[in-house]
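Please keep the sequence and the structure in view while reading.

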Amino acid sequence: MLYPKPLFFLILENTVLYNFDEIIDRRHTGSLKWHYSDDTIALWVADMDFRAAQPILNTIERVGHHGVLGYTKPTAALYQAIINWHGSRYGLALDKQHILFSHGVIPSLALMLRVFTEAGEAILVNDPIYTPFMTKVRDNGRRLILSPLTEAEGRYHLDLVDIEAKIVEHEVKLYLLCNPHNPGGRVWTADELEALLVICKKHDVAIVSDEIHQDLTLSGHEFIPFLQLAKGYEHKVVSITSMTKTFNVAGIKGAMIFAKDEALIKQINQQQRLRDEHDLNLFAYEVMASAYEKGGEWLEQVLAYIEANIDLVCDFLEKHLPNITVMRPDASYLIWLDCSAYGQDDQTLYNQFRDAKVELSGGIQYGNEGHLKMRLNVACPQVILIEGLNRIHTALSDMSQPL
Ligand SMILES: Cc1ncc(COP(=O)(O)O)c(C=O)c1O
């Protein structure tokens, strides 16, 4: 494929205008997403095919230019940038002592299993869910209890009756919440989160909320950090988030754990030190600070582009593949597609897409509720997305008639 090579950004009166139409070839760069040796289009793993924000790239260049890459600790400016970002956007009042750093959201989630539970104890997770929620629970010798989300009017909902029944039946100690939800894209509302909190309080269940997609909340929706609601129950609540998803710097790695109860913070810190998991590399600290200080302009523009891509997908599928049911996300760039009208088994469905040289994430990896679903990543230049959609069309047109 040959694409024109446009300028990647323009600076107008101190405003950087990013060009997300720019095609950046990620093949042969060690990219997890673009690992193919052929011309398959990658619309699967959750990173974006966009160049990072210019202030972040400048920071990496500055650090390299300085030339000394020694041991590093978080600066006062970094703490302040995190505090300002979360305070101004979500009203979350953080102090320096509420913020712990970690290598990633999933390593932090695994750490929380050790903080809140013992081997053999039960942990509740929704189905479908981002796969490591399930594997980390099982691999760490805890009991995985699943509560299926219910579907109504094209959206997922928490089944609060089922959640409470399972908590009681299995003596659940910890609920792993995903907000915004991957793969369903829901941003849980204040009412939903408060109802969940009431249940967890009643049965003394801790809540760890993975909020990595928080800043990708789309227009018309409001993200609420769980910690924000947890007054009086802060000894049992942790929010985990990161700059990596927001600013498309997943290769840098790094995350933050927020907790407000002093004893809980001490316990998390002890667990981290036991495994030497409490500090980040130089680039992660530097990127985190510049992202939260100066990345807002890029984020605003990328969200507008993503939103246009979501519209594009919805229009295309409605016109050309109306038998796919589309779950329009409240947040992020992942669209959950129900392909069950095509009646194939999961592996056949996935293979059909791969044969048409387009890769999406097979829904079944996110739990039984992902049966015959596919997760589509739209964070790429429109020209790539359109080609991907045409291939999806080919994949499904080749299948036997829809049921
Ligand atoms: C909900 C969720 N949590 C965590 C992660 C990964 O986080 P990390 O790379 O910091 O471990 C992802 C990546 O897609 C995700 O979607």
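The points below cover confidence, the sheet, the helix packing and some backbone details.

The structure is a predicted model, in which local features need pLDDT of at least 70 and side-chain atom pairs count only at pLDDT 80 or more, while totals for chains, interfaces and linings use all residues. Residues are numbered from 1 along each chain as its sequence is written, and side-chain values use heavy atoms, with hydrogens and water left out. Helices (H or I, at least four residues) and strands (E, at least two) are DSSP runs, numbered from the N terminus.

**Confidence**

- The average pLDDT (the predictor's confidence in each residue, from 0 to 100) is 95 for the chain, and 95% of the residues score at least 70.
- Over residues 1-5 pLDDT stays under 50, and the model has six contacts beyond four places in sequence for this stretch; contact means heavy atoms within 4.5 Å.
- Where pLDDT is low, the predicted coordinates should not be read in detail.

**Annotated domain**

- UniProt, in an unreviewed entry, places the feature "domain: Aminotransferase class I/classII large" at residues 66-372; UniProt positions are given in the numbering used here, feature names are shortened, and annotations may be inferred rather than shown by experiment.
- Across residues 66-372 the chain is 41% helix and 18% strand, with the end C-alpha atoms 51 Å apart.

- Seven strands form an open sheet with mixed pairing, in the order 4-12-11-10-9-5-6; two strands pair if DSSP finds at least two bridges between them.
- Strand 4 (99-102) and strand 6 (143-148) are at the edges with a single partner strand each, so one side of each has no neighbour in the sheet.
- On average, neighbouring strands of this sheet are turned by 25 degrees against each other, direction ignored.
- Strand 5 (residues 122-127) pairs with strand 9 (residues 172-178) in the parallel sense over four bridges, and isoleucine 123 stands opposite leucine 174 in strand 9.

**Helices on the sheet**

- Helix 2 (residues 76-90) lies across strand 4, strand 11 (237-241) and strand 12 (255-258), at about 110 degrees to strand 4. Axes are lines fitted to C-alpha atoms, for helices over the stretch in contact, and angles run from 0 to 180 degrees between N-to-C directions.
- Helix 4 (residues 132-139) packs on the sheet and touches strand 5, strand 6, strand 9 and strand 10 (206-210), with its direction at about 155 degrees to that of strand 6.

**Helix pairs**

- Helix 2 packs against helix 9 (residues 282-294) at an angle of about 40 degrees, their axes being 9 Å apart.
- Helix 2 and helix 9 are therefore oblique to each other; angles under 35 degrees count as roughly parallel, over 145 as roughly antiparallel, 65 to 115 as roughly perpendicular and the rest as oblique.
- Residues that meet between these helices include Ala77 and Trp85 in helix 2 and Tyr285 and Met288 in helix 9.
- Helix 10 (residues 296-320) and helix 12 (residues 382-397) have axes that come within 11 Å and cross at roughly 25 degrees, and the two are therefore roughly parallel to each other.

**Backbone details**

- Asparagine 179 and proline 180 are joined by a cis peptide bond with omega of about -5 degrees.
- Another cis peptide bond joins asparagine 182 and proline 183, with omega of about 15 degrees.
- Glutamate 171, although not a glycine, has a positive phi of about 50 degrees, and is placed in the loop between helix 5 (160-170) and strand 9.
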